[in-house]
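Biologist: I would like to go through this model with you. Could we begin with the terms and then turn to the fold?
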Amino acid sequence: MAPPRGTRWNGSTINGNAQRGVGLLFNELYVGRIIWNKIRMVKNPDTGKRVSRPNPKDQWQTKEVPHLRIVDDEVWQKAQALKAARVNASTHIKRRPTHLLSGLLRCGICGSGMSVHDRDKTGKTRIRCSAVRESGSCSNRRIIYLPEIERAVLDGMREQLKAPDLIEAYIRKYNQERRDLAAQANSMRTSLEGKRDRVEGELQRMIDLVIRSVIAEEDAKHRIAELKTQRSLIEGQVCGLDEPPSTVALHPATLQRYVKTVDGLSNALADHATAPDDRGPLIQVVSPQVV
């Protein structure tokens with residue numbers, strides 16, 4: 001059977017994500033049930049891009065479509081029980097220990113993630129393309145020592161972190177993004193305030209016509225109510241707008257603290273590169289949550 005995207009079957013295609021209800025093992029369409037409103041789209045305030053976020057299950061909407069069922073309840077329930085048992089398994093059983101670059105390395109041939117392959121006789125970790133292991137769809141059969149990759153990355157970090165002007169370049173870019181977001185926010189506020197003023201103007205004109213007996217109060221009652229409702233909605237939208245993000249200034253003392261921080265990080269990088277355990281002491285510095 002061909003995979004959903006017509007390319008290859010991977011573990012993520014089958015296992016999916018329980019929280020989002022996706023993946024073969026969580027797709028309730030197979031038992032004759034369509035579910036929607038699983039996610040919502042929100043705007044990232046820093047980038048301005050829309051990203052998906054899962055909705056609580058009590059907000060999901062469901063429709064039974066028994067004619068689409070291809071899996072019986074017994075098989076479905078057994079699969080869900082097995083998945084639940086895996087989820088409830090202790091962390092050290094279901095997940096390998098995290099390394100410094102876990103989740104960050106990509107295959108140069110197919111773009112898939114790089115994962116742990118094994119350890120050699122000396123205990124050093126070796127990695128390879130995960131697509132090779134999961135589906136055999138990538139031609140990159142090379143197995144690489146993880147310490148060599150980490151050493152190259154850490155050397156590059158040390159070199160880059162020596163340049164304080166990178167912080168200034170970052171702040172310039174950061175402030176430009178914030179200025180763009182501020183311009184968008186101001187434009188939205190100006191548009192809503194203009195719309196509110198037009199509604200307010202029409203409302204006042206209607207009230208004046210009633211006062212001057214140009215039109216009967218009974219005839220104007222419905223329109224006045226509509227305009228008041230519109231005004232309230234617009235005012236609510238204006239109040240709901242976030243304040244435009246402000247730019248940040250680079251205080252002279254910031255660079256001094258930055259250099260001091262880099263010195264401390266450089267020492268941690270050096271200790272990690274020579275540590276007997278390839279997960280090294282830097283894991284505690286960069287990822288305190290790792291056990």
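Modeller: A residue is called buried when its relative accessible area is under 20%. Please note that the model is predicted.

Biologist: What percentage of the residues in the chain is buried?
Modeller: Buried residues account for 23% of the 291 residues in the chain.

Biologist: And what about the accessible surface of the chain?
Modeller: The accessible surface is about 20,200 Å², and carbon and sulfur atoms contribute 54% of that area.

Biologist: How many helices and strands are there?
Modeller: The chain has nine helices and seven strands.

Biologist: Which strands form the open sheet, and in what order?
Modeller: The order is β5-β6-β7, with antiparallel pairing. Strands β5 (114-119) and β7 (144-145) are at the edges; each has a single partner strand, so one side of each has no neighbour in the sheet.

Biologist: How many bridges join β6 to β7?
Modeller: Two bridges link β7 to β6, which covers residues 125-129. Across this pairing, I127 is opposite I144 of β7.

Biologist: Changing topic, which residues make the nonpolar surface patch?
Modeller: The patch consists of L29, I34, W36 and L68, and its area is about 320 Å².

Biologist: Where does I34 sit, and how exposed is I34?
Modeller: I34 lies in strand β1, residues 33-36. Its relative accessible area is 33%, so I34 counts as partly exposed.

Biologist: Finally, what share of the contacts joins residues at least 24 apart?
Modeller: The share is 52%, taken among contacts in the chain between residues at least 6 apart in sequence.

Note on methods:
Residues numbered from 1 in each chain as written. Predicted model: local features only at pLDDT ≥ 70, side-chain atom pairs only at ≥ 80, totals over all residues. Heavy atoms only, no water. Pairing = 2+ DSSP bridges. Helix = DSSP H or I, 4+ residues; strand = E, 2+ residues; numbered from the N terminus. Buried < 20%, exposed > 50% of the residue type's maximum accessible area, 1.4 Å probe, protein only. Contact = heavy atoms within 4.5 Å. Areas by Shrake-Rupley, 256 points an atom, 1.4 Å probe, with all protein chains shown as cover. Patch = residues over 30% accessible without salt bridge, like charges linked within 9 Å, V, L, I, M, F, W, Y side chains within 5 Å. Salt bridge = Lys/Arg side-chain N within 4 Å of Asp/Glu carboxyl O.
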